[in-house]
Amino acid sequence: MAIISSLILELRTDLSDDDSTRWTDAKILNLFKKAIRRANRVVQRNGLQFAKKKVSIKTIADQAFVVLSTVAPDFDVWIGLWRDDIHQQIKLRTEHEWEEEQCASALGYCMLDYANDKILFDSTPSTAQDITLWYYPKIDPSTYTVSSATPWDGRLDDIIMEYVGLRLKNIDEMDIGVDRELLIDMENQILSAYLPNSPYHAQGDGWL
């Protein structure tokens with residue numbers, strides 16, 4: 001990973017602005033924040049492996065929930081929840097399914113209750129159980145400064161820096177069409193680099 005200030009320094013050479021007379025660090029930093037937010041949704045939407053995280057959780061006996069912010073304080077987007085003992089997924093239910101369906105066994109179903117900061121279980125586990133949660137962690141660049149490190153261990157540094165540079169070169173024209181093209185180009189670069197590392201599930205056609 002890199003410190004954003006070092007990327008800004010490198011970018012200034014490309015912009016012929018080594019003396020910082022054209023762009024302030026604060027303005028470039030704002031574009032880095034926007035680029036990171038956009039890149040984060042790209043990697044989530046396309047299920048890229050390097051952005052995923054897992055955490056081990058132990059349920060509490062006779063308690064039909066775990067507190068989300070306690071077990072995964074950086075939780076952002078759900079991927080899946082599994083029982084470690086039988087390696088079986090605990091199926092995530094919608095609120096409609098949750099209210100109308102019942103499961104005969106403990107930890108058969110679960111529901112993500114954002115409002116109350118909980119993962120709910122369909123029935124109360126009588127003993128503590130080990131489960132594993134896979135999710136996308138929260139990436140919040142709003143608090144970043146030029147001294148902050150980039151996310152994802154620097155994997156997207158070059159792509160993000162190139163996007164920011166092109167945005168700066170285009171900013172005077174205020175051409176929204178160009179910005180859209182830049183976003184598409186950034187997404188394509190990310191996917192070309194990292195989509196091959198993600199699992200692909202082929203849909204079978206049945207018996208031949």
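Modeller: On a 1 Å grid over the protein atoms alone, a cavity is a set of points where a 1.4 Å probe fits but cannot get out, and its volume is the space filled by probe spheres set on the points, which are joined across faces, edges and corners. The model is a predicted one, in which local features need pLDDT of at least 70 and side-chain atom pairs count only at pLDDT 80 or more, while totals for chains, interfaces and linings use all residues. Residues are numbered from 1 along each chain as its sequence is written, and side-chain values use heavy atoms, with hydrogens and water left out.

Biologist: How many helices and strands does the protein have?

Modeller: Helices (H or I, at least four residues) and strands (E, at least two) are DSSP runs, numbered from the N terminus. Read from that end, the elements run α-α-β-β-α-β-β-β-α-β-β-β-α-α. The count for the protein is six helices and eight strands.

Biologist: What is the volume of the largest cavity?

Modeller: The structure holds one cavity of 30 Å³ or more. Its lining, meaning residues with an atom within 4 Å of a point, is made up of Ile 159, Glu 162, Tyr 163, Leu 166, Leu 182, Asp 185, Met 186 and Gln 189. Helix 5 (157-170) and helix 6 (176-194) are the elements that give two or more residues to this lining. The volume of the largest cavity is about 40 Å³.

Biologist: Why is strand 6 described as largely enclosed by the rest of the structure?

Modeller: Tyr 109, Met 111 and Asp 113 point one way from strand 6, whereas Cys 110 and Leu 112 point the other way. A residue is called buried under 20% relative accessible area, exposed over 50%, and partly exposed in between, with a 1.4 Å probe and protein chains only. Strand 6 (residues 109-113) is largely enclosed because the number of its five residues that are buried is five.

Biologist: Which residue of strand 7 stands opposite Asp 113?

Modeller: Two strands pair if DSSP finds at least two bridges between them, and strand 6 is joined to strand 7 (residues 118-121) by four bridges in the antiparallel sense. The two strands form a hairpin with four residues between them, and Asp 117 in the turn has a positive phi of about 60°. Opposite Asp 113 stands Lys 118.

Biologist: Which residue of strand 6 is the bridge partner of Leu 92?

Modeller: Strand 5 (residues 91-92) pairs with strand 6 over two bridges, and here the sense is parallel. In strand 6, the partner of Leu 92 is Cys 110.

Biologist: Which strands are the edge strands of the open sheet?

Modeller: Four strands form this sheet in the order 1-8-3-4, and the pairing is antiparallel. Between strand 3 (residues 75-83) and strand 4 there are two bridges, and Arg 83 stands opposite Gln 88 in strand 4. The edge strands, each of which pairs on one side only, are strand 1 (53-58) and strand 4 (88-89).

Biologist: Does Trp 152 count as buried or exposed?

Modeller: Trp 152 is placed in the loop between strand 8 and helix 5, and has a positive phi of about 60° although it is not a glycine. Ser 20, in the loop between helix 1 (4-14) and helix 2, also has a positive phi of about 60°, but at 39% relative accessibility Ser 20 counts as partly exposed. Because its relative accessibility is 9%, Trp 152 counts as buried.

Notes: 1 Å grid on protein atoms, 1.4 Å probe; cavity = no way out; pocket = protein on both sides within 12 Å on 5 of 7 lines; lining within 4 Å.
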